[in-house]
Protein chains: 2
Amino acid sequence: MSTTGRGLHGRVLDILGPEITAGEYPPGSVLRTDELAQRFDVSRSVMREVVRVLESMRLVESRRRVGVTVLPACEWNVYDPQVIRWRLAGADRPRQLRSLTVLRSAIEPAAAGLAARHATARQCAELTECALGMVAHSRGHQLEEYLVHDVAFHRVILTASGNEMFARLGDVVAEVLAGRTHHDVMFEDPDPAAVTLHVQVAEAVRERDAARAEELTRQITEGALQELDVLAP
Amino acid sequence: MSTTGRGLHGRVLDILGPEITAGEYPPGSVLRTDELAQRFDVSRSVMREVVRVLESMRLVESRRRVGVTVLPACEWNVYDPQVIRWRLAGADRPRQLRSLTVLRSAIEPAAAGLAARHATARQCAELTECALGMVAHSRGHQLEEYLVHDVAFHRVILTASGNEMFARLGDVVAEVLAGRTHHDVMFEDPDPAAVTLHVQVAEAVRERDAARAEELTRQITEGALQELDVLAP
DNA sequence: GTGACTTATAAGTCTGACTTTTTGTTCGTG
DNA sequence: CACGAACAAAAAGTCAGACTTATAAGTCAC
């Protein structure tokens, strides 16, 4: 599932990146390129490329005569998909999941409102299809199938908003939804109320009722927030 | 003002990055590392590092035997601060500014609501100070001083929300606000109504009135959106 | 036409030498 | 003792060249 993987460079990145985002090196720690190259048994060229990428994510900063210094978490590009993935795989996954869920609850209602105005006929159809798929798999422990349609639903909403910044959060939402189903305990079938809300959102968008689409989506994300409050204190 | 600049590598990036985000190479175009190295008169090592960074931004994809192919805009990491800066400096600045303003209007009200709950006494004081600074410079063509306080105000709100994803949008908001003052025509003093709203938001946060802080901030961002509608069709 | 084989190509990797910047120390002077 | 300038060392930065590897595309037999 890892996007990187490709090439020697990517493999090193997939080890060093998670280590840094996990906080294994306190902010201000200095790493030397040569030592890292030795440790991973790669050439300095490869190691330099890795450092450059980490630098562009603002995880580290490279300065002459001093080395590669690890930056404090407040500097990190937390919207970088790679950084998000690394952090979700790490120890502070709960905190990360909460941050992202709060972000969702700010974005998605607005996106739904815009989607009601801008969605194409095709997107409206897709939306309805997703919602029906959710209904169809909402009972009898078909969690995986339900998840697929749930993710697709939210992706369509975000895309149909017509705002590229919203659209780009599709992967984040997918990650959050998948996290809820997989990692956290979720043996029970999804909340019927939530399923109904999705159907209603699809309706509202189809009927171009922006205010209703926004309000209904707000209820969905509020539910996700409360669910999180129940699981994690 | 460029963050990169440092080093030969950064200079190349600051030329090639904007070129790509400006759409000078249609999606699917292939660039060869060697040719680029020749063009910029740098070694392949440097050029490879540049390509690696562009790849991590998902502006390009490097594949063996084919070259460095430019990816379509829907793949770009549009939340990368560097990408945002490049695009704001480019031709589709208006569209970009609109996307970011829409994003703002989704995020900031939510952030203000959270800030009302989580802001420290110090942050409340800073907020009030910023608001007063805005009032003080709201008349008599003191646009620059006004902007400084405006930016600071919104940064505090986003930080005080306690959500790192929100906090990280401080730079984006700063960029948008600065853009409004500098690039677009703005000879007149700021709208007195907006100034008052900022003061009231500071009040609401200090009084822990989350709903009011959220609603007032919504009015601020709505104003920004309408202002944009007036300037650009 | 289909499939296996070959080839050319461009990225990927490694190595070693050299340059440049920056830090910290040393030393001389007031 | 304080202060500043000269100096030395350390680590990143840069370059050039040789080699490896994956793979797209062309070739040939069937």
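Are A:Tyr79 and B:Tyr79 buried or exposed? Both are buried. Keep in mind that this is a predicted model.

Let me stay with those two tyrosines. Across all chains, the count of aromatic pairs comes to one. Why is that pair called stacked? The ring centres of A:Tyr79 and B:Tyr79 are 4.8 Å apart and the planes sit at 10 degrees, so the pair is stacked. The cut-off for stacking is planes under 30 degrees apart. The pair also crosses between chains. On the chain A side, A:Tyr79 sits in the loop between strand E3 (67–70) and helix H4 (81–89). On the chain B side, B:Tyr79 sits in the loop between strand E3 (67–70) and helix H4 (81–89) of that chain.

Next, the DNA. How many residues surround DNA strand D? The number is 21. The closest are A:Thr33, A:Arg52, A:Arg65, B:Leu8 and B:Arg44.

What does the protein meet on the strand, backbone or bases? Take the atoms of DNA strand D within 4 Å of the protein: 69% belong to sugar or phosphate, and the rest to bases.

Now some individual contacts. A:Thr33 uses its backbone: an N or O atom there lies 2.8 Å from a phosphate oxygen of DNA strand D. B:Arg65 goes to a base: a polar side-chain atom lies 3.2 Å from a base nitrogen of DNA strand D. Which elements give two or more residues to the surface near DNA strand D? In chain A, they are helix H3 (44–56) and strand E2 (60–63). In chain B, they are helix H1 (7–21) and helix H3 (44–56). By class, that surface has ten charged, seven polar and four nonpolar residues.

A:Arg52, A:Arg48, A:Glu55 and B:Glu49 are linked in a network of salt bridges. Note that B:Glu49 brings chain B into this network.

That takes us to salt bridges in general. Over all chains, the search finds 36. Here are three of them.

One is B:Arg39 with B:Glu19, where the closest N and O atoms are 2.6 Å apart. This pair links distant parts of the chain: B:Arg39 is in helix H2 (residues 33–40) of chain B, B:Glu19 is in helix H1 of chain B, and they are 20 residues apart. B:Arg39 is partly exposed, with a relative accessible area of 42%. B:Glu19, at 13%, counts as buried, because the limit for buried is under 20%.

Another joins A:Glu203 and A:Arg212, at 3.4 Å from N to O. A:Glu203 is partly exposed at 28% relative accessibility. A:Arg212 is partly exposed too, at 30%.

Then A:Arg168 with A:Asp171, the closest N and O atoms being 3.8 Å apart. A:Asp171 is partly exposed, with a relative accessible area of 37%.

Last, the sheet in chain A. In what order do the three strands run? The order is E1-E3-E2, the sheet is open, and the pairing is antiparallel. Strand E1 (30–31) and E2 stand at the edges with a single partner strand each, so one side of each is left without a neighbour in the sheet. E1(A) and E3(A) pair over two bridges. One residue to look at there: A:Val30, whose bridge partner in E3(A) is A:Thr69.

Conventions: Residues are numbered from 1 along each chain as its sequence is written. Chains are lettered from A and ligands numbered from 1 in the order in which they are written. This is a predicted model: local features need pLDDT of at least 70, side-chain atom pairs count only at pLDDT 80 or more; totals for chains, interfaces and linings use all residues. Side-chain values use heavy atoms; hydrogens and water are left out. Rings of Phe, Tyr and Trp (its six-membered ring) pair if their centres lie within 6.5 Å; planes under 30 degrees apart count as stacked, over 60 as edge-to-face and the rest as tilted. Helices (H or I, at least four residues) and strands (E, at least two) are DSSP runs, numbered from the N terminus. Buried means under 20% relative accessible area, exposed over 50%, partly exposed in between (1.4 Å probe, protein chains only). A residue is near a molecule or strand if one of its heavy atoms lies within 4 Å of it. A polar contact is a pair of N or O atoms within 3.5 Å; within protein, one must be able to donate a hydrogen and the other to accept it, and residues adjacent in sequence count only if both atoms are side-chain atoms. Ala, Val, Leu, Ile, Met, Phe, Trp, Tyr, Cys and Pro count as nonpolar, Asp, Glu, Lys and Arg as charged, and the others, Gly among them, as polar. A salt bridge is a side-chain nitrogen of Lys or Arg within 4 Å of a carboxyl oxygen of Asp or Glu. Two strands pair if DSSP finds at least two bridges between them.
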